[in-house]
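Student: I am new to this structure and would like a close look at one part of it. Please take me through the site where the ligand is held, and then through whatever else nearby in your notes deserves a mention.

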Amino acid sequence: MPFIPQVPGSAPEVRVRDTASGELVPVAGGDSVTVYVCGITPYDATHMGHAATYVTFDLLGRVLRDSGHNVRYVQNITDIDDPLLERAERDGVDWRDLATREIALFREDMTALAVIPPDEYLGAVESIPTFVAPIEKLVADGWAYAVPAPDASREGALDYYFDVAKDPRFGSVSHLDESGMLEVFEERGGDPDRVGKRNRLDALLWRAHREGEPEWDGGSLGSGRPGWHIECACIALDHLGVPVDVQGGGTDLVFPHHEMSAAHGRALSGASSFAGAFVHQGMVGLDGEKMSKSKGNLVLVSTLRREGVDPMAIRLALLARHHAHDWIWHDDQLVEAQQRLDTWRKALSGNGGPVADQTVDDIRAALADDLDSPRALDAVDRWASQALTRGGDDPGAPGVLGRALDALLGVRL
Ligand code: 5CA
Ligand code: ZN
């Protein structure tokens, strides 16, 4: 946890757009607000899309703390999954070494971007023993069923699936109809054509061991490895409790991932909802397509850092876009962010400036309104422009604003 300066004045209640209800909702929570954000699958380096997602939830943590909440933030790492195994195989490296390397690089990138680390940062692999009993419980309670896996390494082995038809609230996160769900299910890790499933949308909970794949003890399930959605459901349940106040990730996770993990989490906990608010970061694209490791159209944080780009300029480039919208990355945005940073630095390095209280209020109001970071940056621009053109005689103003930029926006000048 880095040092976060105190900012004078008081903060308004934070509201976020909840994907499930479509409404702007206050972030509930008592003394502690619980936030679960879906972490990386560590088979390639952090690109601008990932960075946008983690900076967005970092912003959320900062404004919640500023408004007096204690934040409990958990993030997972999907350190066992098909894409990781496939990339390791392609590159002739051990999947564990690949994951270890990419996790280390991700953490360096996040530190450079001044992202406050989660309180708990949990790998799927280290958590596998905690997934087995919940999956067994889903089977025992009739939420899940077995499908014979004739290609498994042991005769009579079974895969286990979640029965979506058993869940009356299935669809309550994404509000997609069946055809809308089927359209993206396969592309996002689903197996609609698996023979023996009751419904094409049923999600894998446990995969029996196949030759050449890693395996773990699955108790009565047999040896194998977990499905993706159950990992996030169990980690959130174990480490935060369900409902969490906020479940976060990119919009590419709305369906199936957040729909399914919410369904698993409700089935396991008996809660009527998995999260008080589902908050999603829009997709960052490059050349007209979603930036993704599988497509390879990437602008990497680590590459920019190696080229000597100031990480605070990268952060400002990300903050210049509203998190709820999709946007396309252009190198010009980095040039603009660097200019903005230079201007702010110059304005804040004077011996005084215009009184900054209203600017701090404006930043807080913008961020409390569904993390409207572009509006917050505009407020700082206005102060900087005044400071540089007309000066100001409040000797404390640069200090107050500098601390607000650090604490609320994570921008250190
Ligand atoms: N490990 C899973 C979540 S449990 C996963 O989606 N990993 S990931 O590495 O593919 O993505 C990490 C995070 O970045 C996720 O929250 C995802 O929604 C987000 N993300 C991925 N691509 C983009 C993009 N192009 N723009 C914005 N966010 C993105
Ligand atoms: Zn997840």
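Predicted model: local features only at pLDDT ≥ 70, side-chain atom pairs only at ≥ 80, totals over all residues.

Tutor: Ligand 1 sits in the largest pocket. The elements that each give two or more residues to the shell around ligand 1 are α1 (48-66), α7 (228-239) and β10 (244-250). Of these, α1 supplies the largest share of the shell, with 4 residues.

In total, 24 residues surround ligand 1. The closest are Gly-39, Thr-41, Thr-78, Asp-252 and Lys-293. Sorted by class, the shell around ligand 1 holds 12 polar, 9 nonpolar and 3 charged residues.

Next come the polar contacts. One of the closest residues, Thr-41, has an N or O atom in its side chain 2.8 Å from a nitrogen atom of ligand 1. From Thr-53, a polar side-chain atom lies 3.0 Å from a nitrogen atom of the ligand. With Met-291 the backbone takes part: a polar backbone atom of Met-291 is 2.9 Å from a nitrogen atom of ligand 1. As for cover, ligand 1 on its own has 600 Å² of accessible area, and the protein covers 94% of that area.

A search of the whole structure finds 8 aromatic pairs. In one of them, the ring centres of Tyr-54 and Phe-106 are 5.3 Å apart and the ring planes meet at 75°, so the pair is edge-to-face. Planes over 60 degrees apart count as edge-to-face. Because Tyr-54 lies in helix α1 and Phe-106 in helix α3 (residues 95-112), the pair ties together parts that are 52 residues apart in sequence.

The other two elements of the shell list, α7 and β10, have a loop between them, and Pro-243 is found in that loop. The peptide bond joining Val-242 and Pro-243 is cis, with omega about 0°. A cis bond also runs from Phe-255 to Pro-256, where omega is near 0°. Pro-256 has its place in helix α8 (residues 254-269).

One backbone angle remains. His-175 is a residue other than glycine, yet its phi is positive, near 55°. His-175 is placed in the loop between β7 (158-162) and α6 (178-185).

Definitions and conventions:
Residues numbered from 1 in each chain as written. Chains lettered and ligands numbered in written order. Heavy atoms only, no water. Near = heavy atom within 4 Å. Polar contact = N/O pair within 3.5 Å; in protein donor to acceptor, adjacent residues only side chain to side chain. Areas by Shrake-Rupley, 256 points an atom, 1.4 Å probe, with all protein chains shown as cover. 1 Å grid on protein atoms, 1.4 Å probe; cavity = no way out; pocket = protein on both sides within 12 Å on 5 of 7 lines; lining within 4 Å. Sits in = over half its atoms within 2 Å of the grid points. Nonpolar A, V, L, I, M, F, W, Y, C, P; charged D, E, K, R; others polar. Phe/Tyr/Trp six-rings, centres within 6.5 Å; stacked < 30°, edge-to-face > 60°.
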